[in-house]
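Subject: Structure handover

Hello,

Here is the structure I promised to pass on. Please open it alongside these notes.

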Amino acid sequence: MKTRPTSLLICALGGEGGGVLTEWLIDIARHAGYAAQATSIPGVAQRTGATTYYIEVFPVPMKDLGGKRPVFSLNPVPGALDGMVSSELLETARQIGNGMTAPDRTLVLTSSARTLTTQERMQLGDGRTDPSDLLKLVRQFSRAHQVFDMAAIAKESGTVVSAVMLGAVAGSGLFPFRREDYEAVVKAGGKGAEASLRGFARAFDIVAKGREQTEFVAQVLAPAVPAGTLAPQASPPQHRHAGTFPQTVQEMFGLGHARLLEYQGQDYADLYVQRLQQVLAAEREADPQGERGHATTKEMARWLALWMAFDDIVRVADLKSRASRWQRVQGEVKAGEDDLLKLYDHFKPGVPEFAALLPPAMAGKLVAWDRKRIARGKQAWAMPLKIGTHSVFGMLALRTLSSLKWLRVRGSRFAVEQQMIGEWLDGVVQGTRRGWELGHEIALCGRLIKGYGSTNERGKDNLLHVLRHLAQGGVAADAARAVRTAREAALTDEGGKALDAALVQHGAPPRPVKAVPIQWMRKPRGLAAADDARARVQ
């Protein structure tokens with residue numbers, strides 16, 4: 001007779017139902033006729049609110065114990081766990097780092113889903129922890145492991161992640177309970193039991209059959225793509241320019257071309273092709289043998305597409321009025337067939353948003369009027385709107401606004417964005433001709449353009465300042481190092497102190513103390529290039 005209880009540590013973030021899962025398992029043990037005990041260990045983890053739950057089940061039925069009662073522990077002992085189930089990959093790694101698992105004893109069931117920590121979100125660049133490192137820990141410190149996206153299964157099943165975690169535990173065979181015991185307790189829960197059983201069944205099958213494991217690990221161990229970028233797909237879109245670029249570039253180029261085709265139409269997508277061809281020609285001059293895999297053109301295919309498809313009120317209206325968005329909201333709120341769903345979108349467009357669609361002369365007058373109001377002590381003008389997207393009027397308003405693509409190319413912001421893009425593109429081309437490394441570093445500066453509002457404006461100011469003061473002088477290799485140092489500094493410090501220090505270190509002036517507000521409202525010098533770009537996409 002086995003005389004040692006089977007132990008399980010449950011790791012769930014706040015609001016994920018770890019307590020419910022614990023109660024389920026205790027009720028299942030009683031239903032199946034086994035002795036069990038559970039304790040909770042509240043604590044504050046990297047996202048605050050994470051609580052661990054510890055369960056011990058004696059693997060011999062009560063009726064076979066001859067009146068004896070097992071003795072249980074109140075808390076887990078590091079290295080002595082039989083199993084651990086976790087709803088989040090980094091939380092799994094955190095518990096492994098605490099020494100809770102043992103490579104010769106512990107079965108680890110973990111979700112591949114991530115809830116980013118505050119530290120990860122604060123980074124201007126890609127601050128995410130590499131999932132491949134976390135998976136290495138799971139493999140190294142577990143007897144066996146199963147990794148799959150529990151959050152996705154919970155969403156698809158219309159339930160909470162605790163039901164999926166229960167299915168994983170059941171499918172693993174860790175406890176001596178039958179599947180019928182698990183399902184009977186879940187069914188007794190009443191409301192929501194049907195959805196819980198769907199999630200339970202999906203996870204049970206995945207863990208019991210061990211499917212998706214190899215495929216997922218191979219996917220995660222592939223090079224990570226920074227957040228907010230165009231992620232590669234297995235089958236890139238096909239189009240008439242598919243053979244224009246090298247094989248190493250085609251996948252990212254296909255995504256960028258499709259994005260701009262949707263954003264503004266064929267002429268704008270063709271402009272993207274023309275711009276990228278300039279980079280490719282310069283890179284072939286600098287690297288005739290293609291030994292670097294056309295990496296500069298590939299990076300430009302990504303960042304150029306993202307900048308050219310800048311967000312404005314037309315784009316926002318288009319995204320919010322799509323059928324796919326309505327379907328996503330229905331899934332998130334778990335609306336049933338008999339539920340009435342009302343969706344309200346709140347907008348507060350101000351002078352910058354309206355002036356962006358006006359010609360430069362008219363935009364300048366509107367901005368000047370708003371600045372005079374601010375100078376008199378008034379708030380910047382804005383128009384608060386609450387639109388019921390579920391209504392005919394609300395959807396019609398959004399669709400009307402999203403149809404103003406023809407107005408976008410005539411607006412002041414479009415002209416200024418094209419002028420800035422043209423300056424960056426010229427810097428990449430000329431830098432590549434001076435030296436491949438310099439052109440590549442300037443192309444990577446596209447990472448500085450992100451977000452919206454003041455964040456977006458600050459990123460563009462930083463890029464142009466680096467381009468004008470570091471990329472054009474000196475030896476190409478020295479300029480490349482200076483550009484790389486400044487770019488990395490800009491991505492680590494939102495306030496810009498690190499960037500200013502890097503600029504001064506390399507002999508460039510620091511950025512202006514006070515940035516000019518609403519920069520894209522000014523008609524820049526050399527607007528002929530922007531006017532030419534606008535004419536080509538009308």
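Start with a strand pair: Asp345 stands opposite Ile387 in strand E8. Asp345 belongs to strand E7 (residues 344-347). E7 and E8 (residues 385-388) run antiparallel, with four bridges between them. Strands (E, at least two residues) and helices (H or I, at least four) are DSSP runs, numbered from the N terminus; strands pair if DSSP finds at least two bridges between them. The covered face of E7 holds Asp345 and Phe347, the uncovered one Tyr344 and His346.

On provenance: this is a predicted model, where local features need pLDDT of at least 70, side-chain atom pairs count only at pLDDT 80 or more, and totals for chains, interfaces and linings use all residues. Numbering starts from 1 along each chain as its sequence is written, and side-chain values use heavy atoms, without hydrogens or water.

Now the interior. Buried means under 20% relative accessible area, with a 1.4 Å probe and protein chains only.

Last, helix H4 (residues 131-140). Its buried residues are Ser132, Leu134, Leu135 and Val138. They lie on the same side of H4, because they cover an arc of only 155° around the axis. That arc is taken from the directions from the helix axis to the C-beta atoms.

Best wishes

Notes
Buried < 20%, exposed > 50% of the residue type's maximum accessible area, 1.4 Å probe, protein only.
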